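Hi everyone, thanks for coming. Let me put the model up, and then we can walk through a few bits of its packing together.

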Amino acid sequence: MELIVSLKETLTPRPCELSKRQTIELSGLDRISPAILYTIFFYKSQLSYELSSSEVDVVERAKRALQKVLVSWFPAAGRLRINEGTGKLEIDCNNEGVSMIIAETDSKLQELGRLHKYKPCYEKLVPQLPEAGDISENPVVVVQITRFGCGGFSVGFGSSHALFDGSGAFNFLASWAHLSTGKDESDLLVPNHSRDSFLHAIYSPNSSPGGASSIYEQDHIAAIQDLYNIPMQAIASNDRCWETALAKFSQIDPPGGLQLQLVSLCIGEEVVEAWKGLVVEQGKLSKCSTFDVLCAHIWKARVKALMLRPCTNICLQFPVDCRSRMNPPLGKNFTGNAFVLASVSCLVSDLLQEPLHNTIRRIQAAKDVITDEYIKLYAKALESSDKFFPSMRELTIVTDWLRFPFHALDFGWGKVSSAALLATPVPETAFLMLNLEEPGGFLVRIGIGGQHIQDLITNFNNFNY
């Protein structure tokens, strides 16, 4: 549908109390992808709330709260830059501010249909940054609040993945929402933005040996070793070249000439719970999480849809939060990237012929590998200047958003009604999310070539295990 959006105000909120300028050195986990990841949160009209009320407008409160939250989340008001000495990406905490737009449209939320399903018009609900010749020219956080004709709102949020991982981004949003509703700042967790303890841990004399001279030498790390047997699609020798390579990579159309499309797949809680009980009984597993069963199911459905040769080597990788797995732990308040990739590798024929519980056993075993030693080896390997990204036909990436606190993102106009992801730096990635429009249900948002969409939907909706 056509969505006409009028921009009412463009501003650059800065922290209401400026912090001392400083530089945050980033880890290899941070520097994998500096691109901005966009999410849109939708809020349906609250009938009990009158916009003309004498109360302070919630949008004005949100603007002031953003300035306030930036005091403790000061890196969000900074800029990325390349360190000329090391060639590595870092954050210049210079208080330049975030990009914020206030907009409105006469359209109604109900006209958009299923809100979680990506639509091209959603691009108008996030700030569009100009193409910059230098990475330091653009902000690392952007926000757009759009008021709809029905009285509902959307909050379009984007942040550089070098700044936050998913947990860090949601904690930032929850803190901003907390202050927007007038709650006390003392209730919030004090964020820890420094990567020093993480970098010290991987380089300390007591950490596992192994240099980072070349990532191609790291054959003792499953998440890297498993990628050796599948084709490469993007290669770079430093952070500056990597940024360019990833930008080109994300624009590549899949083989066959049909453009990659973003698809949202829905599944009910009762199906997932039935599968969990089934695999525990049949596979004699001690446990099975919702992530385990959805991850296995979407991997099988995608690989079957792509019609790869049975003898093809394939790989599944998924991020695992290492905050509590490191010794000493990083802490829940660590805002940097703290996810390392767990990896499963096999042949197409093995995956498609084995029962669901065997695939889940592979996934659980891959998670068990993520120990303190593995994390430090993996992080150290990423400090190498060499970088590569494999073909996304053979590699499936699944990201877990099931536990993110959508319920905490109330800015004063009610709880989140739905959320939608825009295209990501690696659009083929599958995101597992709660279906906020159908409580108890789940969503899988994934990118796939147009010629494979119907097969993917058919395979995903086949519940015959």
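The crossing of H1 and H2 is right-handed, meaning that the near helix is turned clockwise from the far one by less than a right angle. This is a predicted model, where local features need pLDDT of at least 70, side-chain atom pairs count only at pLDDT 80 or more, and totals for chains, interfaces and linings use all residues. Residues are numbered from 1 along each chain as its sequence is written, and side-chain values use heavy atoms, with hydrogens and water left out.

Back to our pair: the axes of H1 (residues 58-72) and H2 (residues 166-180) come within 8 Å and cross at roughly 125°. That makes H1 oblique to H2, oblique being whatever is left after under 35 degrees (roughly parallel), over 145 (roughly antiparallel) and 65 to 115 (roughly perpendicular). Among the H1 residues that meet H2 are Arg-61, Leu-66 and Val-69, and the H2 side includes Phe-172 and Trp-176; contact here means heavy atoms within 4.5 Å. The residues of this contact divide into 8 nonpolar, 2 polar and 2 charged.

Now, which residues are buried in H11, residues 453-460? They are Ile-453, Leu-456, Asn-459 and Phe-460, with buried meaning under 20% relative accessible area (1.4 Å probe, protein chains only). Down the axis of H11, the buried residues fall within an arc of 130°, so they line one face of the helix. Their cover includes strand E10, helix H7 and strand E17.

Last stop, Gln-364 in helix H9. Gln-364 counts as buried because its relative accessibility is 15%. Beyond its neighbours within four places in sequence, Gln-364 is in contact with Leu-285, Lys-287, Cys-288 and Asp-292.

Conventions
Buried < 20%, exposed > 50% of the residue type's maximum accessible area, 1.4 Å probe, protein only. Helix = DSSP H or I, 4+ residues; strand = E, 2+ residues; numbered from the N terminus. Arc of directions from axis to C-beta. Axes fitted to C-alpha atoms, helices over the stretch in contact; angles between N-to-C directions. Nonpolar A, V, L, I, M, F, W, Y, C, P; charged D, E, K, R; others polar.
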